[in-house]
Amino acid sequence: MGMSNLTRLSEFILKGLSSHPEDQKPLFVLFLIMYLVILVGNLLIILAIHSDPKLQNPMYFFLSILSFADICYTTVVVPKMLVNFLSEAKTISYAECLAQMYFFLVSGNIDSYLLAAMAIDRYVAICNPFHYVTVMNHRCCMLLVAFSIAFSCLHSLLHALLVNRLTFCASNVIQHFFCDVNPVLKLACSSTSVNEIVARTEGMASVMAPCICIVISYLRILIAVFNIHSVAGKCKAFSTCSSHLTVVTLFYGSIGYVYFHPLSSYTVRDRVATIIYTVLTSMLNPFIYSLRNKDMKQGLEKLVSRIKAQMDMLSTTQANKIRGS
């Protein structure tokens, strides 16, 4: 193949969810509503946690960071999707594509490690309740969050740099709605063997480590719960974990479906599964954690009441000014 065909592409074309013109506006409306729900829902969770003294503990601290990570996660992908739904070109520059890939990997890995940190928190709370305050202290929580962010940034940088070294052929159509690693690798002319080896070793380890941590934590929790004699005690222990388990199942189930099969078999179903862990999980998180948690529900009610009171006060002040003038 001549060198002229191996020049670096200046831009890619994102295939999107549908190539039918009549689908674009309905999809735009659907994803705009979902994105607004994600922003409002997760912001309310963050504000409720930081404004309510009853929610100042490690579990809610991790939840507030997770909500922020979910906002970042979807913001990396959804705004570009919305633009492309209303655009005929559907292009993304090479640099923008690489940046989107990097920040998507960062946000996704932070989500993964935060879910593991939350599993550790539940394990200590149920299996070692008398030492919970000393074990899950502020320093420990900050170290877990710092590790999640630092490792995710380094891991994502490695994969972005490995993609950057590749040469791409004449085809520049990415069979996806954003720049994910696998669909971009399929366009490479040069060998992707290094990328695939790193993905199957370092990449697999980075995904499996928090997953194994979650599994071990819940196995220990299960053993501890079976040793509780009262039915009420067992129900209370399970109720504290149900929200987290629901989110973990949605997140890891869809990720496992998309990434744990050969690169050549990437299909439309993978795109749909990707929506589950990029958009749907982030949208459902506020509902899952608030509807199943009495303290969180009360915190949100207090926040909404406070916001309404401030708005009423502001409208009263403005009405008085109008009367005075």
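Ala, Val, Leu, Ile, Met, Phe, Trp, Tyr, Cys and Pro count as nonpolar, Asp, Glu, Lys and Arg as charged, and the others, Gly among them, as polar. This is a predicted model, in which local features need pLDDT of at least 70 and side-chain atom pairs count only at pLDDT 80 or more, while totals for chains, interfaces and linings use all residues. Residues are numbered from 1 along each chain as its sequence is written, and side-chain values use heavy atoms, with hydrogens and water left out.

Q: By class, how many nonpolar, polar and charged residues are in the lining of the second largest pocket?
A: A pocket is an open set of points on a 1 Å grid over the protein atoms alone, with protein on both sides within 12 Å along at least five of seven lines; a cavity is a set where a 1.4 Å probe fits but cannot get out, and lining residues have an atom within 4 Å of a point. The second largest pocket holds about 380 Å³, a volume being the space filled by probe spheres set on points joined across faces, edges and corners. Its lining has 18 residues, and Met59, Tyr60, Arg122, Thr240 and Asn293 lie nearest its centre. By class the lining has six nonpolar, six polar and six charged residues.

Q: Which helix gives the largest share of the lining of the second largest pocket?
A: Helices are DSSP runs (H or I, at least four residues; strands are E, at least two), numbered from the N terminus. Two or more lining residues come from each of H2, H3, helix H8 (231-259) and helix H10 (294-324). The largest share, five residues, comes from H8.

Q: What is the volume of the largest cavity?
A: The whole structure has two cavities of 30 Å³ or more. Residues lining the largest include Leu14, Lys15, Met81, Asn84, Phe85 and Phe177, and helix H2 (residues 58-85) gives the most, with three residues. By class this lining has five nonpolar, four polar and two charged residues. The space in the largest cavity is about 80 Å³.

Q: Are H5 and H7 roughly parallel or roughly antiparallel to each other?
A: The axes of helix H5 (residues 138-164) and H7 come within 10 Å and cross at roughly 170°. Axes are lines fitted to C-alpha atoms, for helices over the stretch in contact, and angles run from 0 to 180 degrees between N-to-C directions. Angles under 35 degrees count as roughly parallel, over 145 as roughly antiparallel, 65 to 115 as roughly perpendicular and the rest as oblique. H5 and H7 are therefore roughly antiparallel.

Q: Is Ser206 buried or exposed?
A: Ser206 is in helix H7 (residues 193-226). Beyond neighbours within four places in sequence, Ser206 is in contact (heavy atoms within 4.5 Å) with Asn109, Tyr113, Phe151 and His155. Buried means under 20% relative accessible area, exposed over 50% and partly exposed in between (1.4 Å probe, protein chains only). With a relative accessible area of 1%, Ser206 is buried.

Q: By how many Å are the C-alpha atoms of Val198 and Leu162 separated?
A: Val198, also in helix H7, is buried with a relative accessible area of 15%. Leaving aside neighbours within four places in sequence, the contacts of Val198 are Leu158, His159, Leu162 and Gly203. Val198 and Leu162 are 36 residues apart along the chain, and their C-alpha atoms are separated by 9.1 Å.
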